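Hi,

Here is the structure I promised to pass on. Have it open while you read, and my notes on what turned up in it follow below.

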Amino acid sequence: MTRAELNALSVLSLAHVGDAVYELLVRTRLAEGGKGRVADLHRAAVSIVRAPAQAKAAAVILPLLTEEERAVYKRGRNSHVNSVPHAASKAEYHAATALEAVFGWLHLAGEGERVRELFAAIAEALNY
């Protein structure tokens, strides 16, 4: 997609795609880590992709973002969401939405290497 096409998408559409991208990265990382039982993999993945954990991940990458990525992040953070999960604060949920928007935007832009670079920074900082 071109930058114009990407920027025309709603931020929640970007976050929708980014949610899947981020979860796939998490699941791949966990599988590579050798946890054998599916139940253990699932529990670990859920704990990492929940909004509070994603908010911590967002704080890790925020200083690493380019100006263009930061603009997408801010759009995601400022988006209007209809509900917030009871296990997360409003601020955590907005940060998680912003993180997902960045990952969705990068994925749709064909920036796979940048996606992996940012995820590696998160995984290293948060010991995933």
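Helix α4 passes α6 in a left-handed crossing, where left-handed means that the near helix is turned anticlockwise from the far one by less than a right angle, and right-handed means clockwise. Helices here are DSSP runs of H or I with at least four residues, numbered from the N terminus. Before going further, note that this is a predicted model, so local features need pLDDT of at least 70 and side-chain atom pairs count only at pLDDT 80 or more, while totals for chains, interfaces and linings use all residues. Residues are numbered from 1 along each chain as its sequence is written, and side-chain values use heavy atoms, with hydrogens and water left out.

Back to the crossing. Two packed helices are described by the angle between their axes and the distance between the axes. α4 and α6 pack at about 60°, with axes 7 Å apart; the axes are lines fitted to C-alpha atoms, for helices over the stretch in contact, and angles run from 0 to 180 degrees between N-to-C directions. That makes α4 oblique to α6, because angles under 35 degrees count as roughly parallel, over 145 as roughly antiparallel, 65 to 115 as roughly perpendicular and the rest as oblique. On the α4 side, the residues that meet α6 are Ala-51, Pro-52, Gln-54, Ala-55, Ala-57, Ala-58 and Ile-61, and their partners in α6 include Glu-92, Tyr-93, Leu-99 and Phe-103 (contact means heavy atoms within 4.5 Å). By class, the residues of this contact are 11 nonpolar, one polar and two charged. Ala, Val, Leu, Ile, Met, Phe, Trp, Tyr, Cys and Pro count as nonpolar, Asp, Glu, Lys and Arg as charged, and the others, Gly among them, as polar.

Now look at α4 against α7. Helix α4 covers residues 51–61 and helix α7 residues 112–126; their axes come within 9 Å and cross at roughly 110°. That makes α4 roughly perpendicular to α7. This crossing is right-handed. Ala-53, Lys-56, Ala-57, Val-60 and Ile-61 of α4 meet Leu-118, Ala-121, Ile-122, Ala-125 and Leu-126 of α7. Nine of the residues in that contact are nonpolar, none is polar and one is charged.

Which residues of α4 are buried? They are Ala-51, Ala-53, Gln-54, Ala-55, Ala-57, Ala-58 and Ile-61, with buried meaning under 20% relative accessible area, exposed over 50% and partly exposed in between (1.4 Å probe, protein chains only). Among the elements that cover them are α2, α3 (38–49), α5 (67–77), α6 and α7.

α6 also packs against α5. The axes of α5 and α6 come within 7 Å and cross at roughly 135°. The two helices are therefore oblique to each other, and α5 passes α6 in a right-handed crossing. From α5, the contact includes Glu-68, Val-72, Tyr-73 and Gly-76, and from α6 it includes Thr-97, Val-102 and Trp-105. Its residues divide into nine nonpolar, three polar and three charged.

Thr-97 sits in α6 and is buried, at 5% relative accessible area. Leaving out residues up to four places away in sequence, Thr-97 touches Leu-12, Ala-15, Gly-76, Ser-79 and Val-81.

How many aromatic pairs does a search of the whole structure find? It finds two. Rings of Phe, Tyr and Trp (its six-membered ring) pair if their centres lie within 6.5 Å; planes under 30 degrees apart count as stacked, over 60 as edge-to-face and the rest as tilted. Tyr-22 and Phe-103 make an edge-to-face pair, 5.3 Å centre to centre with 75° between the planes. This pair joins helix α2 (residues 11–32) to helix α6 (residues 90–108), across 81 residues. Tyr-22 also forms an edge-to-face pair with Phe-119, at 5.6 Å centre to centre and 80° between the planes. Here Tyr-22 in α2 is linked to Phe-119 in α7, 97 residues apart. Tyr-22 and Phe-119 are both buried, and Phe-103 is buried too, at 0% relative accessible area. Tyr-22, Phe-103 and Phe-119 form one aromatic cluster.

One last thing to find is Asn-127, in the segment after α7. Asn-127 has a positive phi of about 60° although it is not a glycine. Most residues other than glycine have a negative phi. At 68% relative accessibility, Asn-127 counts as exposed.

Cheers
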